[in-house]
Amino acid sequence: MAASADPTPSRLLPDEIHGAVRPGTAVLRLRTTQSREGVLDGAWWPRSRHVADELPALIEALTAHIGPVTRIGLDTAAWEELPTRLVVADRVVRLDSYPVGDDTVLITRGDQDHFALLVVPPNTPADLAREAMARAVRADNMTSAAQILLTTTAE
């Protein structure tokens with residue numbers, strides 16, 4: 001008996017996921033290896049550019065996987081109303097303005113453990129977002145977030 005040919009591998013997000021994700025839920029991929037040799041540690045696909053709406057879910061998801069988040073670095077120009085801190089699950093998370101570009105968010109766990117995530121723009125079509133996120137989490141990725149987004153959308 002022939003197996004059904006599912007065009008979406010089981011580990012990738014289906015096309016409907018971004019529209020189906022309820023508000024307050026983070027669409028996030030993290031590298032699953034212990035090695036931190038690549039440029040990026042993961043990818044995040046927010047639903048909007050509203051920090052207060054998007055970051056709490058990201059912080060909760062990251063805390064569940066990597067431990068407590070203490071700081072997040074964002075480019076002020078890319079986000080609406082960037083406060084200096086958020087309280088999520090009774091923990092204060094400091095928000096820092098960095099000129100990292102709208103394609104990257106920097107996460108700090110503890111005092112000095114940093115993670116860099118690709119930020120897929122909210123209006124990106126699902127197939128392109130999946131491709132960009134998959135490239136960002138490859139263990140051998142040495143491509144910057146900006147270049148991943150450029151090559152993904154140019155294909």
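## A first look at this predicted model

A search of the whole structure turns up one aromatic pair (rings of Phe, Tyr and Trp, the last by its six-membered ring, pair if their centres lie within 6.5 Å; planes under 30 degrees apart count as stacked, over 60 as edge-to-face and the rest as tilted). Its members are Trp 44 and Trp 79, which are stacked, with 5.6 Å centre to centre and 10° between the planes. Please keep in mind that this is a predicted model, where local features need pLDDT of at least 70 and side-chain atom pairs count only at pLDDT 80 or more, while totals for chains, interfaces and linings use all residues. Residues are numbered from 1 along each chain as its sequence is written, and side-chain values use heavy atoms, with hydrogens and water left out.

**Around the tryptophan pair**

- The pair links distant parts of the chain, 35 residues apart: Trp 44 is in strand β2 (residues 42-44), and Trp 79 is in the loop between β3 (69-74) and β4 (85-88). Helices (H or I, at least four residues) and strands (E, at least two) are DSSP runs, numbered from the N terminus.
- Trp 44 and Trp 79 are both buried (buried means under 20% relative accessible area, exposed over 50%, partly exposed in between, with a 1.4 Å probe and protein chains only).
- Arg 49 lies over the face of Trp 79, 4.9 Å from the ring centre (the rule asks for NZ of Lys or CZ of Arg within 6 Å of the ring centre and within 35 degrees of the ring normal).

**Strands side by side**

- β3 and strand β5 (residues 91-97) run parallel, joined by four bridges (two strands pair if DSSP finds at least two bridges between them). Gly 73 has Asp 96 in β5 as its bridge partner.
- β4 pairs with β5 in the antiparallel sense, also over four bridges, and Leu 86 stands opposite Val 93 in β5.
- The hairpin of β4 and β5 has two residues between the strands, and Ala 89 there takes a positive phi near 55°. Ala 89 is exposed, with a relative accessible area of 61%.
- The C-alpha atoms of Ala 89 and Glu 60 are separated by 7.8 Å, though these residues are 29 apart along the chain.

**Nonpolar cores**

- The largest nonpolar core has 21 residues, and Trp 44, Leu 55, Ile 59, Ile 72, Val 105 and Ile 107 have the most contacts inside it (a core is a set of buried Ala, Val, Leu, Ile, Met, Phe, Trp, Tyr and Cys residues joined through side-chain atoms within 4.5 Å).
- α2 (51-66), β3, β4, β5, β6 (104-109) and β7 (113-119) each supply at least two residues of this core. The largest share, six residues, comes from α2.
- Apart from this core lies another, of 14 residues, including Trp 45, Leu 118, Ala 132 and Ala 136.

**Salt bridges**

- Four salt bridges are counted (a side-chain nitrogen of Lys or Arg within 4 Å of a carboxyl oxygen of Asp or Glu).
- Asp 96 forms one with Arg 71, their closest N and O atoms being 2.7 Å apart. Asp 96 lies in strand β5 and Arg 71 in strand β3, so the pair ties together parts that are 25 residues apart in sequence. Asp 96 counts as buried at 15% relative accessibility, whereas Arg 71 is partly exposed at 33%.
- Arg 135 and Glu 131 form another, with closest N and O atoms 2.8 Å apart. Both lie in helix α3 (residues 126-136), four residues apart, about one turn of the helix.
- Asp 140 and Arg 138 also meet in a salt bridge, at 2.7 Å from N to O.
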